[in-house]
Amino acid sequence: MIHVEPHDIVFVTLGSMTACSSLGTNTTPPKPLPAVEDALKAPDGAWQLWASLANPTINPHAAHFGNPANFYTRIPESNWLSFTVTLKNPEFLEKLELCTGNKAGTGALVTFKDSNWLMSIVVPHQPHFINQPENTQVFWGYGLFPGKVGNIVNKPMSECSGQEILQELLGHLNFPENPTLEGSIVVPCMMPYITAQFLTRKLGDRPDVIPKGSTNLALMGQFVEVKRDTVFTVEYSVRCAQMAVHELMGTKEKPRDIYMGEHNVKVLVEALKVLLT
């Protein structure tokens, strides 16, 4: 325990999108999601701290600290299954480039709209990592509905090994399984709270960056209230930190104004052109 002096300033990151994530392997799935009764409890340190701050039996100012339970008790609505793929054969990316017309790193994500898992993949520029071997390629993907049975692999994504997830992907693309399947390493990752920040909420569920009456405590992260800004971006996390520092430390430079694209004439004209073509 750290004692806070009157002259100290405390910055707290609320909640965690990646709490309780679990990894599978090429041959095993990630561990199952928490049971329903366990999902009603604050899952780890970041969520437990927020739950304590918002608990009126512990904190007399709890009303100003939001409602963390709204975000951590709804795992069926907030979980994804992500996966990373390491390839030892160039055939997959070569075929994908022919299908999409995009070289690695030049296109956005590819979503398979007919996938029961609503699977998407993202292929970065290669090499993606420093010292990545010349004969190795990597890409990333995810499924938004991991509880549903696959179109090719007859089981839920959440119960699939890495190899089975890649088999499903190859089936959607109508690519041959080998040599891609036999020369790959696929690591699935279950993330129970990865989209918790998008869950429906009411006013007050997300606390202000500076809680009412606070003089030395600021809140940060994807679960604080920043009006007109959009969560799930690096900018959101940076902005709330800038707001916290500016308000509590009195910096001269204020956080940059939030970009309002819908009021930008150039953006509106370009959007109109697209609609009319």
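## A buried arginine and its partner

Arg74 is buried, with a relative accessible area of 15%, where buried means under 20%, exposed over 50% and partly exposed in between, using a 1.4 Å probe and protein chains only. The side chain of Arg74 meets that of Glu77 in a salt bridge, at 3.0 Å from N to O; the term denotes a side-chain nitrogen of Lys or Arg within 4 Å of a carboxyl oxygen of Asp or Glu. Glu77 is partly exposed, at 48% relative accessible area.

## Basis of the model

The model is predicted: local features need pLDDT of at least 70, side-chain atom pairs count only at pLDDT 80 or more, and totals for chains, interfaces and linings use all residues. Residues are numbered from 1 along each chain as its sequence is written, and side-chain values use heavy atoms, with hydrogens and water left out.

## Overall architecture

The protein chain contains eight helices and eight strands; these are DSSP runs numbered from the N terminus, with helices (H or I) of at least four residues and strands (E) of at least two. Along the principal axes, the C-alpha atoms fill a box of roughly 65 × 50 × 40 Å. Of the 277 residues, 39% count as buried.

Contact here means heavy atoms within 4.5 Å. Among contacts between residues at least 6 apart in sequence, 66% join residues at least 24 apart. The accessible surface of the chain is about 16,100 Å², and carbon and sulfur atoms account for 58% of it; areas come from the Shrake-Rupley method with a 1.4 Å probe, and for residues only the protein chains shown count as cover.

The chain carries 21 positive and 26 negative charges, whose mean positions are 7 Å apart. Lys and Arg count as positive and Asp and Glu as negative, without His and the chain ends; each charge is placed at NZ of Lys, CZ of Arg, CG of Asp or CD of Glu.

Side chains of opposite charge can pair when their charged atoms come close. The count of salt bridges comes to seven. One of them links Lys202 and Asp205, with the closest N and O atoms 3.2 Å apart; Lys202 is exposed at 54% relative accessible area, whereas Asp205 is buried at 3%. Another joins Lys155 to Glu164, also with a closest N and O separation of 3.2 Å. Lys155 is partly exposed at 26%, and Glu164 is partly exposed at 22%.

## Nonpolar cores

In soluble globular proteins, nonpolar side chains tend to be buried together. A nonpolar core is a set of buried Ala, Val, Leu, Ile, Met, Phe, Trp, Tyr and Cys residues joined through side-chain atoms within 4.5 Å. The largest such core has 36 residues, of which Leu14, Trp47, Tyr193, Leu219, Phe223, Val224 and Val226 touch the most other members. Two or more residues each come from α2 (45-53), α3 (69-72), β7 (184-191), β8 (217-220) and α7 (234-249). Apart from this core lies another of 25 residues, among them Trp117, Leu169, Leu170 and Phe175.

Beyond its neighbours within four places in sequence, Tyr193 has contacts that include Met17, Pro43, Trp47, Phe71 and Ile75.

Ser22 lies in strand β2 (residues 22-23) and is buried, with a relative accessible area of 8%. Not counting residues up to four places away in sequence, Ser22 touches Pro30, Lys31, Pro188, Cys189 and Met190.

Thr180 is placed in the loop between α6 (162-173) and β7, and is buried at 4% relative accessible area. Leaving aside neighbours within four places in sequence, Thr180 is in contact with Leu87, Phe92, Leu166 and Leu170.
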